[in-house]
Amino acid sequence: MYGNDFGPGSDTPLNATETPDYTDALQEYFDGLIADDSRIEPRDAMPDGYRATLIRQIAQHAHSEIIGMQPEGNFITRAPSLRRKAILMAKVQDEAGHGLYLYSAAETLGVDRSELLDKLHNGKQKYSSIFNYPTLTWADMGTIGWLVDGAAIMNQVPLCRCSYGPYARAMIRVCKEESFHQRQGYEILWTLSKGTVEQQAMLQDAANRWWWPALMMFGPPDSGDAATDGHTAQNMAWGIKRFSNDDLRQKFVDMTVPQAIKLGITLPDPDLRWDEERGHWDFGEIDWDEFWRVIKGDGPCNAQRMALRVGSHEDGAWVREAAVAYADKVAARESAGAVA
Ligand code: FAQ
């Protein structure tokens, strides 16, 4: 235990504005928690790099959840039945809820969500590449649930064991909801697969368009060299990431190909084959130029997604002003009561 007033058992919170000099003793304490696979909590001292990485990742994740409402929100008025509409509305609302848990988790690191939203709006922070692709037919609703929520779960189940407590705890509830989303997506596709020739063609077309972007969600390939492996090596050492991008992508392919076979569709990859020796599905080369183009802002829907997000934020300004005015009024009334 370091001879300091911070950390477990202490009432003194540490946040970005109060961080004292980061001493060797604090580093040693942090390293000990990571080595024991214990959780780091907001009150614990942590290296600046760890805090900054978590803010970047959690913010990017939160932004993905709220931008991710758009492609499916687009189909709420076009759902084929009342039952489908109610389910889709609930799913889109769940994604909003995930955004809120994640912004709250980010705030425990000493940032304000309005600051994070500003960074999303001015392009300084990103959201997942996948939400820059258009939704063209009802089959896209099923395919998003099956492939996009499916990839999200594969990536997020290990995050339930992330070293940062508030993020790990938020992920437990998010994953439960994402599992339901994945099942409802597959059920839409199962229904289409038993439908008319046109419905089966719609299903095949959606799978053709979403397969490769879903594989890109796991991030760039591992280089196997810590110096060029993006954030992966450091994030794994910190217990933020538990698996590399390629490991999770392979698990996803192995899980998904048998499901595609059950649906009676062909995945758009001529190199997809079972490798007896590896005990995994081999798959073809991902178009990484497309991935980098999309995350740099040049995907099919980047401009449209950001315009809607910024416009909605501006339209909601009066709600934020009213909420603050009300909070100010309550505080003024309480302090007047305290004086009296
Ligand atoms: N899109 O070194 P790495 C969902 C960037 S939630 C955009 O591997 P890291 C639910 C990365 O930021 C989907 N950028 O980075 C839902 C970095 O950029 P930087 C979101 C990407 O952080 C379903 C650079 O590439 N999930 O879908 C992407 O260690 C349906 C180098 O990459 C999360 O955010 C990408 N796909 O690993 C909602 C999960 N991939 O900062 C609605 C949490 C990589 O150097 C409807 N995040 N980049 O400029 C993570 O697990 C990680 O951040 C990774 C990236 C794995 C995404």
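Of the 36 residues around the ligand in this model, those that come nearest are K126, S129, H231, K241 and N245. The model is predicted, and the local features described below were taken from parts with pLDDT of at least 70, whereas side-chain atom pairs were counted only at pLDDT 80 or more.

**The ligand and its surroundings**

K126, one of the residues that come nearest, places a polar side-chain atom 2.6 Å from an oxygen atom of the ligand. For R56, the corresponding distance between a polar side-chain atom and an oxygen atom of the ligand is 3.1 Å. With H231, by contrast, the atom concerned is a backbone N or O, and it lies 2.8 Å from an oxygen atom of the ligand. The space that the ligand takes is the largest pocket.

The shell around the ligand draws on several helices, and those that each supply at least two residues are α2 (48-67), α4 (82-107), α6 (139-156), α7 (165-193), α9 (232-237) and α11 (288-298). Among these, α2 gives the most, with six residues of the shell. Sorted by residue class, the shell contains 12 nonpolar residues, 15 polar residues and nine charged residues.

**Side-chain contacts within the protein**

| Side chain | Partner side chain | Distance |
|---|---|---|
| Q125 | H63 | 2.8 Å |
| H121 | R309 | 2.9 Å |

Q125 is found in the loop between α5 (113-121) and α6, and it counts as buried because its relative accessibility of 15% is under the 20% cut-off. Its partner in the 2.8 Å contact, H63, has its place in helix α2, the helix that gives the most residues to the shell around the ligand. H63 is likewise buried, since its relative accessibility is 0%. The contact therefore joins the side chains of two residues that both count as buried, Q125 at 15% and H63 at 0%. Along the chain, H63 and G99 are 36 residues apart, while their C-alpha atoms are separated by 6.8 Å.

H121 belongs to helix α5, and its side chain makes a polar contact of 2.9 Å with the side chain of R309. At 19% relative accessibility, H121 counts as buried, because the class takes in values under 20%.

**Further positions along the chain**

L192 has its place in helix α7, one of the helices that supply at least two residues to the shell around the ligand. With a relative accessible area of 7%, L192 is buried. Between L192 and M89, which are 103 residues apart along the chain, the C-alpha atoms are separated by 20 Å.

A90 lies in helix α4, and with a relative accessible area of 33% it is partly exposed, because that class lies between the cut-offs of 20% and 50%. The C-alpha atoms of A90 and E285 are separated by 36 Å, and these two residues are 195 residues apart along the chain.

D37 is a point of note in the backbone, as this residue has a positive phi of about 60° although it is not a glycine. Most residues other than glycine have a negative phi. D37 lies in the loop between α1 (24-35) and α2, and at 41% relative accessibility it counts as partly exposed.

How values were computed:
Residues numbered from 1 in each chain as written. Heavy atoms only, no water. Near = heavy atom within 4 Å. Polar contact = N/O pair within 3.5 Å; in protein donor to acceptor, adjacent residues only side chain to side chain. 1 Å grid on protein atoms, 1.4 Å probe; cavity = no way out; pocket = protein on both sides within 12 Å on 5 of 7 lines; lining within 4 Å. Sits in = over half its atoms within 2 Å of the grid points. Helix = DSSP H or I, 4+ residues; strand = E, 2+ residues; numbered from the N terminus. Nonpolar A, V, L, I, M, F, W, Y, C, P; charged D, E, K, R; others polar. Buried < 20%, exposed > 50% of the residue type's maximum accessible area, 1.4 Å probe, protein only.
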